[in-house]
Amino acid sequence: MPLTKLQFKPGVNRETTSYTNEGGWFDVDKVRFRFGMPEKIGGWEKFSGFSYLGTARAMHPWVALDNSRYIGIGTSLKYYLNQDGGSFADITPIRATTAAGDVTFAATNGSSTITVTDANHGAVSGDFVTFSGAASLGGDITAGVLNQEYNITGVLTSSTYTISARTAGTSIADITVDGALVPTLVPATGSDTGNGGSSVVGAYQIGIGLDTSTFGAGWGIGFWGRGAWGSAASTPIVTSTLRIWTHDNFGEDLLVNVRNGGIYYWDKTGGTASRAVSLDSLAGASSTPTVAKQVLVSDRDRHIIAFGCDSEDTPGVQDPLLIRFSDQESLITWNATATNTAGDLRLGSGSEIITAVETRQEILVFTDRSLYTMQFLGAPFTFGLNSVSENITIRGPLAVAAVEDNVFWMGKREFYAYGGTVQRIACTVLDYVFNDFNEAQAEKVTAGINSLFAEVWWFYPSADSEENNRYVVYNYQQQVWYYGNLNRSAWLDQGVRESPLATGPGNYLYRHENGFDNGETEPAAPITAHVESSQMDIGDGDNFAFISRIIPDLTFRNSTAESPAATITLKARNFPGGTYLQESDTSVTKTASVPVEQFTQDAHIRLRGRSFAFRIESDAPGVTWRLGSPRLDVRTDGRR
């Protein structure tokens, strides 16, 4: 009998049964499709040896006028800048600075726990404060020990909290290891009886956010102490304080906004040692928004736009459907007059703005039930709004990505694309994704573009995970889907950097599509990748077939392993509703696995059944592979 050529349809289809999907792929992990053929995805390595605190949810790249390359990184605890691949500079804004003498310290002999008294601290456990002006307590708790940035370890009352004294001269960056603080503690002695003197000043950073959405109402939901002391959450609905940042560059400077919080400005001329400051604190600031859901800069006309913000007439009162924009080219002028282009617009559909994304020609604004386009019109209206679609859904503020002139996003149980009109994308893995999805953590869904391969990635949490641990990919050139397992909370396409960047385990940045291994460990670990077909008949499934040989058609081009190899497995099944034959079925040959190396011409196997599934996998370091059209040596015996 002539050799049987195996040709598979690109992409993965889980929306039909395996038997119906004959000639297609049914399961996959860390494999993509390129020109219709499956291949192992590229590896990743650490971008730098430094880690950050908190879970990162957003990154923003830009290049300054002196060609310095920056990446802004917003986490649940801080906001960082990374300059040219070095360490992470903390530019988290300061929310309050005490007067000298408002802060005192108390130590206990033999303990590194220091009790801090500040009648109006307004902090919660986990917040950060930097002390200056303190004097020694008399023993080992010296001025150098106290005059540092500290993480608040516990809040005792509305006027007291605790910190853990550590070695003098060790910055928070110095003691950040794999995303956690690892200080060398300094216990007090019997001589530490002072209070730090009358010159102590405490500078409190803006409060930390959660990295997990919370539900319900009652005492302890959300952050203790954020409202009145000891107060409970007031509404019996979702209380989500998931920390999400948005950011955009204003020239070579940076604007950042913490969702449902303030808007801040970082001036590049101050360097990475300077912190971002509140926009309304700038000299000459006029009617600037004090709370917003998102901020961006319109590239075409250079207006700063705040979404879901407070109005000029009622500062501090957030309107979740209000859009305001500054005067053109201005950071500080937000009061609308007849002689400037500042102004506002209000959406008429939905209950709140979820997110906004800028494309080449317009800005798309999403509410919880509708989609608007926002376009620059010029004088006298500046911007105009048009309703594009009603009754659409979007998973969360991070679930949308723009590439070229198209925008893609994940809805509540569908995927959408916009290229002038809204279209639902037919998804062949829809049930696989949404039948195993953690609805409580849907805000964590993050979309990213990998333009190297024309891919949109969505990272999402499975039902048994509190954090993103899976991904689903739409290849918009081939219009196919595939998925896998990978822990990533933010993604940045190539552009300012030569490779895509992502945030992952250990709170490191990872450079993707570099090498072929998992660089989360040292040394790098191999990536386990596989793709498996649906079952296929030899003939029409009415006869038993014997397979005796396989010709692999597999390339290991660019692999760095000395002897790259993968494993091809054929699995037999006799009926569509049956399981693949197990080892207890001694009367037949159940599975056949053969190692395939770079110069393997063919491999002899022995397998019998009515239908078969084809699988290729690898788990060795330095290996990449791409499958072509393998062939099987098959004969049938006519028995049914």
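Predicted model: local features only at pLDDT ≥ 70, side-chain atom pairs only at ≥ 80, totals over all residues.
The chain as a whole contains 2 helices and 54 strands, and its C-alpha trace spans about 95 × 70 × 50 Å along the principal axes. Of its 640 residues, 55% are buried. When contacts between residues at least 6 apart in sequence are considered, 60% of them join residues at least 24 apart. The accessible surface comes to about 25800 Å², and carbon and sulfur atoms account for 48% of that area. With regard to charge, the chain carries 48 positive and 68 negative side chains, and the centres of these two sets are 8 Å apart.

Two loop residues were examined individually. N507 is placed in the loop that runs between strand 41 (501-504) and strand 42 (508-512). Because its relative accessibility is 17%, N507 counts as buried, the cut-off for this class being under 20%. Beyond residues up to four places away in sequence, N507 touches S51, Y52, L53, G54 and G179. For G54, the approach involves the backbone oxygen, which lies 2.9 Å from a polar atom of the N507 side chain.

D267, by comparison, is found in the loop between strand 22 (263-266) and strand 23 (277-278). This residue counts as partly exposed because its relative accessibility is 31%, a value that falls in the class between 20% and 50%. The side chain of D267 makes a polar contact with the side chain of T269, at 2.8 Å, and, with residues up to four places away in sequence not counted, D267 touches D253 and S274. P380 lies 113 residues from D267 along the chain, and the C-alpha atoms of these two residues are separated by 31 Å.

Note on methods. Residues numbered from 1 in each chain as written. Heavy atoms only, no water. Helix = DSSP H or I, 4+ residues; strand = E, 2+ residues; numbered from the N terminus. Buried < 20%, exposed > 50% of the residue type's maximum accessible area, 1.4 Å probe, protein only. Contact = heavy atoms within 4.5 Å. Areas by Shrake-Rupley, 256 points an atom, 1.4 Å probe, with all protein chains shown as cover. Lys, Arg positive; Asp, Glu negative; His and termini not counted. Charge placed at Lys NZ, Arg CZ, Asp CG, Glu CD. Polar contact = N/O pair within 3.5 Å; in protein donor to acceptor, adjacent residues only side chain to side chain.
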